[in-house]
Amino acid sequence: MAFDDLAIRVFDQLGEGDKVATRRLLGGHHTRQFLDYPPTGRSASFTATTVDRIEVGKIIDHWSDADFTAFLQKPAA
C-alpha cells in the first residue's frame with residue numbers, strides 16, 4: 001500500500017433504493033509508489049466520492065470519482 005498510515009474519514013453516506021453514495025477523505029504518509037508517482041515521504045490526501053449498487057447484501061456495481069488535485073500539488077517551499 002502506498003500509504004503506511006492510511007486513514008479514511010467519511011464525510012457523508014446516503015442511501016436510496018439499491019444505491020449507496022459515500023464522500024470521503026483518504027490520506028497518510030506517501031511511502032510507496034502511488035499510480036505513476038514515486039514515494040515523497042510527505043503527508044498527502046485526496047477526496048473521493050463513490051456510488052455502490054447493492055443486491056442481496058453484496059456490491060454489484062461500483063463507481064468512483066477521486067480528486068487528486070491536492071495530492072499532486074508540491075508542498076510550499
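**Surface, fold and one buried threonine**

The accessible surface of the chain comes to about 5700 Å², and 55% of this area belongs to carbon and sulfur atoms, with areas taken by the Shrake-Rupley method with a 1.4 Å probe, where for residues only the protein chains shown count as cover. This is a predicted model, in which local features need pLDDT of at least 70 and side-chain atom pairs count only at pLDDT 80 or more, while totals for chains, interfaces and linings use all residues. Residues are numbered from 1 along each chain as its sequence is written, and side-chain values use heavy atoms, with hydrogens and water left out.

Me: Which pattern does the chain follow along the sequence?
Reply: Helices (H or I, at least four residues) and strands (E, at least two) are DSSP runs, numbered from the N terminus. The chain has one helix and four strands, and read along the sequence the pattern is β-β-β-β-α.

Me: Is threonine 22 buried or exposed?
Reply: Threonine 22 lies in strand 2, which covers residues 19-29. Buried means under 20% relative accessible area, exposed over 50%, and partly exposed in between (1.4 Å probe, protein chains only). Because its relative accessibility is 2%, threonine 22 counts as buried.

Me: With which residue does the side chain of threonine 22 make a polar contact?
Reply: A polar contact is a pair of N or O atoms within 3.5 Å; within protein, one must be able to donate a hydrogen and the other to accept it, and residues adjacent in sequence count only if both atoms are side-chain atoms. At 2.8 Å, the partner of the threonine 22 side chain is the side chain of glutamine 13.
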